[in-house]
Amino acid sequence: MATISGKDGQVKIGSTTLAEITKWTLTTTAQNPAYASSATQGWKTRREGVRDASGTLNLKLDLADPISDDFDEGSAVTLLLYLDSTRFYTVPAIIDSLGWEVDIDNGEVIGGTAEYSATGPIVKPTF
């Protein structure tokens, strides 16, 4: 088994590496319509339907290189989501939201989450 750690993961837009990304997620889905007919013997069957994808970027605020320099809500971007130093997903996307968390009580590092939705086909990495 050849598993890898996420420690070398990163996110880029073009050649620009986004600062202080702590985690990224990508969820791909397919709307597979179900139906029953006289040919399905009382069982539902399905056909491949429309595909979609969405995800999140968890980040820390870097005042020297704020994420808002790279995108804002409503921005159309092409995200490169790196698994390691060479393998990545290419995701044409639109930024749906950008939220911040300021923890006054514990004084945690200021962080945030960007949510995105795909705007076209995703290119998967070669394994």
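# Questions about an all-strand model

Modeller: Let's start at asparagine 106, which lies in the loop between β8 and β9. This is a predicted model, where local features need pLDDT of at least 70 and side-chain atom pairs count only at pLDDT 80 or more, while totals for chains, interfaces and linings use all residues. Residues are numbered from 1 along each chain as its sequence is written, and side-chain values use heavy atoms, with hydrogens and water left out.

Colleague: Thanks! Why is asparagine 106 called exposed?

Modeller: Exposed means over 50% relative accessible area, buried means under 20%, and partly exposed is in between (1.4 Å probe, protein chains only). Asparagine 106 has 54%, so it counts as exposed.

Colleague: Which class does glutamine 41 belong to, buried or exposed?

Modeller: Glutamine 41 has a relative accessible area of 71%, so it is exposed. The loop between β4 (34–35) and β5 (45–46) holds glutamine 41, and its phi, near 55°, is positive too.

Colleague: How many helices and strands are there in the protein?

Modeller: There are zero helices and nine strands. Both are DSSP runs numbered from the N terminus: helices are H or I with at least four residues, and strands are E with at least two.

Colleague: How do you know that the protein is more spread out than a compact globule?

Modeller: The radius of gyration is taken over C-alpha atoms, and the globule rule is 2.2 Å times the number of residues to the power 0.38. For 127 residues the rule gives 14 Å, and the protein has 19 Å, well over that, so it is more spread out than a compact globule. Along the principal axes, the C-alpha atoms fill a box of roughly 65 × 35 × 30 Å. Of the 127 residues, 24% count as buried.

Colleague: What is the order of the strands in the open sheet?

Modeller: Seven strands run β2-β1-β7-β8-β9-β6-β3, with antiparallel pairing.

Colleague: Why is one side of β2 and of β3 left without a neighbour in the sheet?

Modeller: β2 and β3 stand at the edges and each has a single partner strand, so one side of each has no neighbour in the sheet.

Colleague: How do you know that β1 and β2 pair?

Modeller: Two strands pair if DSSP finds at least two bridges between them. Strand β1 (residues 10–13) and β2 have two bridges, in the antiparallel sense, so they meet that definition. Isoleucine 13 stands opposite threonine 16 in β2.

Colleague: Which strands pair with β9?

Modeller: Strand β6 (residues 50–60) is joined to β9 (residues 111–118) by seven bridges, and the two run antiparallel. Strand β8 (residues 88–101) pairs with β9 over eight bridges, also in the antiparallel sense. Look at glutamate 115 in β9: it is the bridge partner of threonine 56, and serine 97 stands opposite it.
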